[in-house]
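Here are some notes to read alongside the model. Please keep the structure open and find each residue as it comes up.

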Amino acid sequence: TSYGAGGLWKPPSQEHMSGAELKRLQSSFDYLTSVLRTSDAHEAGIFLQPGYIVHMDPIPDPAWKDIVVGFRHVTQWELTNLFPGYKQGWFYTAFICQPRDFIPWAKKRLTSKGVQFVQRRVNSLEELATHYDVIVNCSGVGAANLATDQAVSASRGQVMGVKAPWLRYFVETDGKHPVIDGIPYMYPNLHNVVIGGIKQTGNFRKTNDPRDTDAIWKGILALNSQMKGAEVVEEWTGFRPMRDGGIRLERETLAGTPTGRTLEVIHNYGHGENGVTWSHGCAKEVAEIVKTIMAERQLKSRL
């Protein structure tokens, strides 16, 4: 699902977040910062990008405003000349982490450290007990079946990649505009500009829909007429792993496996449309839980 994502570091626009959520976000931002300062940043698809989030209705500042760089409210000039009709906006600098670049880079690094990758169909977590002691369940939409989680659902998205090298900032919109249909967004990255604005629940079409293509273009051109000359280089459809109640990140011990042993599972799914934003912070938390499990097993073996 992540391949076509714009990759913008942008959490939900919530005024209040728990300490655990803010810790995950800070860890994620810190990790991306650490890669940015290395020669691997370009290959990993990680770079800083300034941009705007504009709203139809004024909302409180987000809980994460002190994590990003240079958070401020947009000026009246910006609203009038760049985003007419919108009532409020934020400007800040954050990361774009392009999954199409980051995932191959990460896989290469893991392979060099001896990590093995196996592609296979998994019908239940219990069936993995024969081969593994600890499972990290990052199955996204598949968690509805693998974890029997009825809170999980899919939100269909469709995006386009266009050539628009003149666009040097991201734009995300929020709310129903009197002239602009939908919720268009534009994310410049290393290869092109990702444009979109399609969020559909209950639509499981895996192919690109010409009607959505038309809707994206209409929204983008109404938002920024300069995009009229942009050349379309690709279109892509995927499904966001939504979950009522938000992210599920917790440890579960499963009994009754085929081996007769208990199986330790760490669930890590339900990141919705903010997967790139949450991923590195959640991964760090998962790693700490794995260390705890391995320490417990080591202690038992000594006893």
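Predicted model: local features only at pLDDT ≥ 70, side-chain atom pairs only at ≥ 80, totals over all residues.

**Notes on strands, helix and spaces**

1. Q49 stands opposite A94, a residue of β3.

2. To find the place, look for H55, whose bridge partner in β6 is D174. In general, strands of a sheet pair through backbone hydrogen bonds, and the pairing can be parallel or antiparallel.

3. How much of β1 is buried? Strand β1 covers residues 46-55, and eight of its ten residues are buried, so the strand counts as mostly covered.

4. Next, turn to an open sheet of three strands, in the order β4-β12-β11, with mixed pairing. The edge strands are β4 (134-137) and β11 (248-254), each of which pairs on one side only. Neighbouring strands in this sheet are turned against each other by 15° on average, if direction is ignored.

5. Which way do the pairs in this sheet run? β4 and β12 (residues 263-269) run parallel and are joined by four bridges. β11 and β12, in contrast, pair in the antiparallel sense, over seven bridges.

6. V134 stands opposite E264 in β12, and N137 has H267 of β12 as its bridge partner.

7. Strand β12 deserves a separate look. Seven of its seven residues are buried, and the strand is mostly covered. L263, V265, H267 and Y269 point one way from β12, while E264, I266 and N268 point the other way, and all are buried.

8. V136 belongs to strand β4. Is V136 buried or exposed, or in between? The relative accessible area of V136 is 37%, so the residue counts as partly exposed. The C-alpha atoms of V136 and E264 are separated by 8.6 Å, although the two residues are 128 residues apart along the chain.

9. Helix α1 (residues 19-36) has 18 residues. From its first C-alpha to its last it reaches 26 Å, close to the 26 Å expected at 1.5 Å a residue. The buried residues in α1 are R24, L25, S27, S28, F29, L32 and V35.

10. T148 is worth checking for its backbone. T148 is not a glycine, yet it has a positive phi of about 45°. T148 sits in the loop between α5 (143-146) and β5. With a relative accessible area of 64%, T148 is exposed.

11. How many cavities of 30 Å³ or more are there? The count comes to one, and the volume of the largest cavity is about 100 Å³. Its lining has 15 residues, of which G4, R100, N192, V194 and E234 lie nearest the centre of the cavity. The elements that give two or more residues to this lining are α4 (99-112), β5 (152-163) and β10 (231-243). β5 gives the most, with three residues. By class, the lining of the largest cavity has seven nonpolar, six polar and two charged residues.

12. The second largest pocket holds about 280 Å³ of space. It is lined by 16 residues, and P12, G246, I247, G270 and W278 lie nearest its centre. The elements that give two or more residues to the lining of this pocket are α1 and β10. The lining of the second largest pocket divides into four nonpolar, seven polar and five charged residues.

Methods. Residues numbered from 1 in each chain as written. Heavy atoms only, no water. 1 Å grid on protein atoms, 1.4 Å probe; cavity = no way out; pocket = protein on both sides within 12 Å on 5 of 7 lines; lining within 4 Å. Points joined across faces, edges and corners; volume = space filled by probe spheres on them. Nonpolar A, V, L, I, M, F, W, Y, C, P; charged D, E, K, R; others polar. Expected span 1.5 Å × (residues − 1). Buried < 20%, exposed > 50% of the residue type's maximum accessible area, 1.4 Å probe, protein only. Pairing = 2+ DSSP bridges. Axes fitted to C-alpha atoms, helices over the stretch in contact; angles between N-to-C directions.
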